[in-house]
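Please open the structure in a viewer and follow the stops below in order. Each stop names what to select and then describes what is found there.

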Amino acid sequence: MAPMAREAPLIFAPGSGRALGERVASEMGLELSELEERDFDDGEHKIRPLVTVRRREVFVLHSLAGDEGESVNDKLCRLLFFLGGLRDAGAHRVTAVVPYLCYSRKDRKTKTRDPITTRYVAQLLEGVGTDSVVTVDVHNLAAFQNAFRRPTEHVTARPLFVEALLDEIRDEEYDGLVVVSPDAGGVKRVEQLRQALAEALEREIPSAFLEKFRSEGVVSGKAVVGPVEGRTAVMFDDLISSGGTLRRAAEALRDRGARRVVAAATHGVFSPGAEENLGSESLERVLITDTVSPGWISEDLLERKFRVLEIAPVLARALRGIHAGDSIQEILGRS
């Protein structure tokens, strides 16, 4: 790919974000800018750029999902300090590129005196001088946009899933598809995928959803609303954590006569228990992107059941557009 016009932006990717950062930079015809990361004996740390950032546009890519090496809080703290340091070093514009935005699931009060952590994370990012934030398939788009008082860009991986699903689904199943939300809250997200698939296949595709109740961390409910008997069910969600919701939904769909169940989710934010749940025979195939490294899943299960889609080309197009001052939604399609 040809190098970018004008003075190219600088791209940094601290810690575990380096591998994805390198792929994004390569798609843009650039290299990652060098930085220094130091950990101290008392648990404190610092990150500093090893190149001048004065009067430059800077992108910092870091996915904020905890893993076995760093907690989500540690990653968030490191990102905040680095963003603040770049601003103090004279960067012209600092954009946080956060493919997976932590704490975005807690976007409203569901119990008395609940925190609204989506808004608090926004305030932290703004407080260190971040000019704009880019994320991928956030849990609640309206809550994300309303939480920030700075520009935000929401990138969707939906086109990647449409292309991959057309490859995964057999021709004879086209007339027997149903797109399913594992809960009522994801109906809008599923409807957007259903429309995209229907347009690609030039035929009507029905949708369905399952009931879901959560209280004190316990999930219940298995009623299915929509036509699934004899069909290939494609479940779609923004993220997978323990995989319990998908397993419960897949079993319910099988009980209602679904022929096959394929699951797709942007973020594989896996936790202990995911291996057992996602290894269930009720789920035939699982599609995710590489916004998050798939921890807690064995190489054997990844190889046998998963398909990991590359988000780097999508992010690279978005960052090139931001740098050029173009409309991201016109470049990538509406979110």
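**A network of charged side chains**

Begin by selecting Arg 170, which counts as partly exposed because its relative accessibility is 40%. The model on display is a predicted one.

Glu 172 is exposed, with a relative accessible area of 57%.

Next, select Glu 173 and Arg 260, whose side chains form a salt bridge at 2.6 Å, N to O. Glu 173 lies in the loop between α5 and β8 (177-181) and Arg 260 in strand β14 (residues 260-268), so this pair ties together parts that are 87 residues apart in sequence. Glu 173 counts as buried at 2% relative accessibility, and Arg 260 counts as buried at 7%.

Which residues are linked in a network of salt bridges here? Select Glu 284 together with Arg 170, Glu 172, Glu 173 and Arg 260 to display that network. In the whole structure, the count comes to 28 salt bridges.

For another of these contacts, go to Asp 107 and Arg 108, where the salt bridge spans 3.2 Å from N to O. Asp 107 is buried, with a relative accessible area of 11%.

**Aromatic pairs**

The structure holds 4 aromatic pairs. One of them is formed by Phe 12 and Phe 82, an edge-to-face pair with 5.3 Å between the centres and 85 degrees between the planes. Phe 12 belongs to strand β1 (residues 10-12) and Phe 82 to helix α2 (residues 72-88), so the pair ties together parts that are 70 residues apart in sequence. Phe 12 is buried at 0% relative accessibility, and Phe 82 is buried at 1%.

Now select Phe 161 and Phe 236. Their ring centres are 5.4 Å apart and their planes stand at 70 degrees, so this pair is edge-to-face. Phe 161 lies in helix α5 (residues 158-168) and Phe 236 in strand β13 (residues 232-240), so parts that are 75 residues apart in sequence are tied together. Phe 161 counts as buried at 0% relative accessibility, and Phe 236 at 3%.

**The second largest pocket**

Finally, select Ser 16, Asp 290, Thr 291, Val 292 and Ser 293, which lie nearest the centre of the second largest pocket among the 17 residues that line it. The volume of this pocket is about 260 Å³. Its lining divides into 7 nonpolar, 6 polar and 4 charged residues. Which element supplies the largest share of that lining? Helix α1 (residues 18-27) does, with 3 residues.

Notes
Residues numbered from 1 in each chain as written. Predicted model: local features only at pLDDT ≥ 70, side-chain atom pairs only at ≥ 80, totals over all residues. Heavy atoms only, no water. 1 Å grid on protein atoms, 1.4 Å probe; cavity = no way out; pocket = protein on both sides within 12 Å on 5 of 7 lines; lining within 4 Å. Points joined across faces, edges and corners; volume = space filled by probe spheres on them. Helix = DSSP H or I, 4+ residues; strand = E, 2+ residues; numbered from the N terminus. Nonpolar A, V, L, I, M, F, W, Y, C, P; charged D, E, K, R; others polar. Phe/Tyr/Trp six-rings, centres within 6.5 Å; stacked < 30°, edge-to-face > 60°. Buried < 20%, exposed > 50% of the residue type's maximum accessible area, 1.4 Å probe, protein only. Salt bridge = Lys/Arg side-chain N within 4 Å of Asp/Glu carboxyl O.
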